Amino acid sequence: MFQQIPLIDFGPFLNGTDEDRQRVSSQIGDACRNVGFFYISNHGVSSTLTERVYEQAKRYFSQSLEEKMKLYIGSCPCGNNRGYTPMFEEKLSLKGDLKEGFDLAMELPADDKDRIERGALLYGPNFWPDNLEGFRECIYDEYYLTMISLGHKVLEAFALSLNLPLNYFKSMSQKPMVTMRLLHYPPQPVVLDEDQLGCGAHTDYECFTLLSQSNQSGLQVRNNKGEWIHATPIENTFVVNIGDMMQRWTNDQFKSTVHRVINVSGTTRYSIPVFFGPDYFAEIKCLINDETPKYEPVIAGQYLTQRFDDTYNYRQKNSDSSY
Ligand SMILES: O=C(O)CCC(=O)C(=O)O
Ligand SMILES: [Fe+2]
């Protein structure tokens with residue numbers, strides 16, 4: 001039963017010896033098995049870069065609704081879930097979430113071979129604003145690509161903690177489905193409508209999430225007693241949490257823990273999650289030897305498409321969930 005979320009120094013994994021990497025991985029493995037959430041410090045991403053991304057997020061969201069709706073996620077040309085999500089569009093709360101977002105993922109051409117020839121429709125280009133100079137460079141060229149590198153390191157730590165070779169996940173994350181979101185939560189009244197939270201109770205869909213939070217608290221994590229534990233922001237850290245694909249992959253060894261956001265800070269809250277999934281065609285199939293698999297194998301991209309279909313208003317007509 002956890003009462004708090006562990007903080008793990010990731011520096012020795014990045015810069016240390018093999019022994020350091022084993023030690024950090026074992027701390028991470030414990031956190032993944034018992035909590036499903038942990039913070040990492042000394043992750044190598046500069047705080048100045050992160051601050052600049054928040055500045056861009058504020059700049060983006062301060063535009064008029066009309067301007068933002070030009071990039072409405074439901075009208076992105078490739079239908080690959082990129083662009084602007086208005087308030088209440090996402091239905092993790094029954095009445096829709098009290099947040100707006102901007103989604104992007106790996107920049108690939110519209111005629112990407114896997115997309116055209118093999119139906120990997122989540123691949124393709126992003127849906128960028130053309131009126132915000134420097135936005136794309138800061139968000140994508142600098143931050144997104146940095147987070148991809150960090151994500152690969154986290155996958156290495158997961159591999160070691162599962163007694164697998166360090167590079168085990170590498171061949172399955174060459175063209176990874178990594179969605180980054182800029183999120184903006186307006187303050188919400190203290191009297192709560194349980195059906196309308198900043199982000200309703202949910203688990204994440206991919207393998208894991210690297211989350212940066214602004215100074216405002218709001219994120220809560222449910223422990224196995226059903227108590228909500230606050231994931232208070234800690235400066236210069238990322239919150240890392242396991243998603244459903246990793247729980248399936250590890251046959252429930254790693255926990256995809258339920259969490260939600262309620263912004264009662266009285267002020268605006270921003271956060272930047274980066275959801276790290278594997279390649280579209282990676283097979284998510286029990287990787288624990290000598291255990292009976294609890295889940296049917298799934299193709300990662302098909303699984304993720306279904307999860308998006310289930311939560312985004314604009315995709316509801318496609319939805320017929322089997323997960
Ligand atoms: O905003 C946050 O702190 C967390 C958001 C979240 O859980 C999500 O987008 O899946
Ligand atoms: Fe989440």
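Is Asn163 buried or exposed? Hold that thought for a moment, everyone.

First, some housekeeping. This is a predicted model, where local features need pLDDT of at least 70, side-chain atom pairs count only at pLDDT 80 or more, and totals for chains, interfaces and linings use all residues. Residues are numbered from 1 along each chain as its sequence is written, while chains are lettered from A and ligands numbered from 1 in the order in which they are written.

Now the overall picture. The protein chain has eight helices and 14 strands, taken as DSSP runs numbered from the N terminus (helices are H or I, at least four residues; strands are E, at least two). Its radius of gyration is 19 Å, close to the 20 Å of the globule rule for 323 residues, so the chain is as compact as a globular protein of that length. That radius is taken over C-alpha atoms, and the rule is 2.2 Å times the number of residues to the power 0.38.

On to helix H6, residues 135–161. Its 27 residues should span 39 Å at 1.5 Å a residue, and the end C-alpha atoms are 37 Å apart, which agrees; the expected span is 1.5 Å times one less than the number of residues.

Back to Asn163, which sits in the loop between H6 and strand S5 (176–185). Its phi is positive, near 60 degrees. Most residues other than glycine have a negative phi. And the answer: Asn163 counts as exposed, because it has 11 C-beta neighbours inside 10 Å (buried means 20 or more other C-beta atoms within 10 Å, exposed 12 or fewer, partly exposed in between, with C-beta atoms placed from the backbone).
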